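Thanks for coming. I have one structure to go through today, and I will keep to what can be computed from the atoms.

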Amino acid sequence: MPQPLLEVIDLDVQYRTRDGAVHALSGVSLRLEPGQVLAVVGESGSGKTTLASAIPRLLPQQAAVSGAVRFQGTDLLQLPERDLRPYRGRRIAMVFQDPIAGLNPVLDIGSQVAEILTSHLPLGRREARERAIDILASVGLHDPERIARAYPFQLSGGMCQRVMIAIATALDPDLLIADEPTSALDVTVQAQILAQLETLRERRGTAILLITHDFGVVARIADAVAVMYAGRIVEEGPVRDLLRSPLHPYSRALLDTLPRLDAPREALHQIPGHPPDLATPAERCPYLPRCSKALSRCRQEPAPGLEQPGGATHRVACYNPVWQDLPTA
């Protein structure tokens, strides 16, 4: 197989706390090809943001990391800190959930976009400022010269998110990691941001690792999807196949929580129970206490790894995969 853009192999992350280690990620592996959009979904606390931050090594100091994160063949976890600078911002960029928190409140927008340019390219301040205005225009911000003079508090949340995308894509990165980029926005602005991400992929060939809990976003923009639970990937595959025929009981339960226009009016479905305490590593399948499909094997054997059952188009970590299709809308 050709070399992927990004390959995460057996990634483990533990946070050291006064009460012991919290196992945020356990044996996570995934591949991302150039120009592909891979969505990572799951409940809050499933490890999505830890995964996003671990790739460019932006985790706090109390995090213990093992495994491999290969970007175009180079294991980023093995590089000295000084050698990561050419990767962060230029080849791997991030867009965070809260754009206001990601912008400097005392610098105008133009200066913040120009800063990423001058830190990686041999540009003077004036040339960088002019290019910053062009970049702001490229992400759909009207009157970019006015926006460049404005401060973050003078812009709406959607405009700030577009600015964050402008900063992240100013250097044409190979990989964009977007951590819940639309969750705080109304549906109209959300659609605009997603369209901007789609344009970025189509025009520049940028691969996108999209962290989200919104299956509507997944269905619109993703090529493939990985479902995370308790710090592990429990199912992964092409987005159309996984959304149509989820194999893991957790994936099916997540999709069952979505409201449907053709369903009778009733209370929304909820997944019973709670996610496990990650301070205690699970010897069995971590979803076992909440699973209605569990077999005696599930209670006796270690958690299964990702495998592709006969006849399936994607992989699942389950001894008793669900096979029925979801009803069509």
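Start with β1 and strand β4 (residues 63-71): they run antiparallel and are joined by eight bridges. Strands here are DSSP runs of E with at least two residues, helices are runs of H or I with at least four residues, and both are numbered from the N terminus. Two strands count as paired if DSSP finds at least two bridges between them. Within that pairing, Val 13 has Val 65 in β4 as its bridge partner.

Before going further, the ground rules. This is a predicted model, in which local features need pLDDT of at least 70 and side-chain atom pairs count only at pLDDT 80 or more, while totals for chains, interfaces and linings use all residues. Residues are numbered from 1 along each chain as its sequence is written, and side-chain values use heavy atoms, with hydrogens and water left out.

Back to the strands. Strand β1 (residues 6-17) also pairs with strand β2 (residues 20-32), in the antiparallel sense, over nine bridges. Tyr 15 stands opposite Val 22 in β2. Put together, four strands make an open sheet in the order β2-β1-β4-β5, with antiparallel pairing. Its edge strands are β2 and β5 (74-75), each of which pairs on one side only.

One backbone point in this region: Asp 10 lies in strand β1, and Asp 10 has a positive phi of about 45 degrees although it is not a glycine. Asp 10 counts as partly exposed, at 47% relative accessibility. The scale is buried under 20% relative accessible area, exposed over 50%, and partly exposed in between, with a 1.4 Å probe and protein chains only.

Ala 230 is another residue other than glycine with a positive phi, near 55 degrees. Ala 230 sits in the loop between β9 (224-229) and β10. Ala 230 is buried, with a relative accessible area of 10%.

Next, charges. How many salt bridges are there? The count comes to 16, where a salt bridge is a side-chain nitrogen of Lys or Arg within 4 Å of a carboxyl oxygen of Asp or Glu.

I will show three of them. Asp 143 forms a salt bridge with Arg 146, with the closest N and O atoms 3.6 Å apart. Asp 143 is partly exposed at 43%, and Arg 146 is partly exposed at 39%.

In another salt bridge, between Asp 172 and Arg 204, the closest N and O atoms are 2.9 Å apart. This pair links distant parts of the chain, 32 residues apart: Asp 172 is in the loop between α6 (157-169) and β7 (175-179), and Arg 204 is in helix α7 (residues 187-204). Asp 172 is partly exposed, with a relative accessible area of 47%, as is Arg 204 at 37%.

The side chains of Glu 236 and Arg 315 also meet in a salt bridge, at 2.4 Å from N to O. Here the partners are 79 residues apart and again link distant parts of the chain, with Glu 236 in strand β10 (residues 232-238) and Arg 315 in strand β11 (residues 315-316). Is Glu 236 buried or exposed? Glu 236 is buried, at 17%, whereas Arg 315 is partly exposed at 31%.

Now Arg 129, in helix α4 (residues 125-138). Arg 129 is partly exposed, with a relative accessible area of 26%. Leaving aside neighbours within four places in sequence, Arg 129 has contacts (heavy atoms within 4.5 Å) with Asp 108, Gly 110, Ser 111, Ala 114, Ala 148 and Arg 149. The C-alpha atoms of Arg 129 and Glu 115 are separated by 8.8 Å, at 14 residues apart along the chain.

Last, the second largest pocket. Of the 20 residues lining the second largest pocket, the closest to its centre are Gly 89, Met 94, Phe 96, Ile 116 and Ile 167. β6 (92-95), α3 (109-120) and α6 each supply at least two lining residues, and α3 gives the most, with five. A pocket, on a 1 Å grid over the protein atoms alone, is an open set of points where a 1.4 Å probe fits, with protein on both sides within 12 Å along at least five of seven lines; lining residues have an atom within 4 Å of a point.

That is the set.
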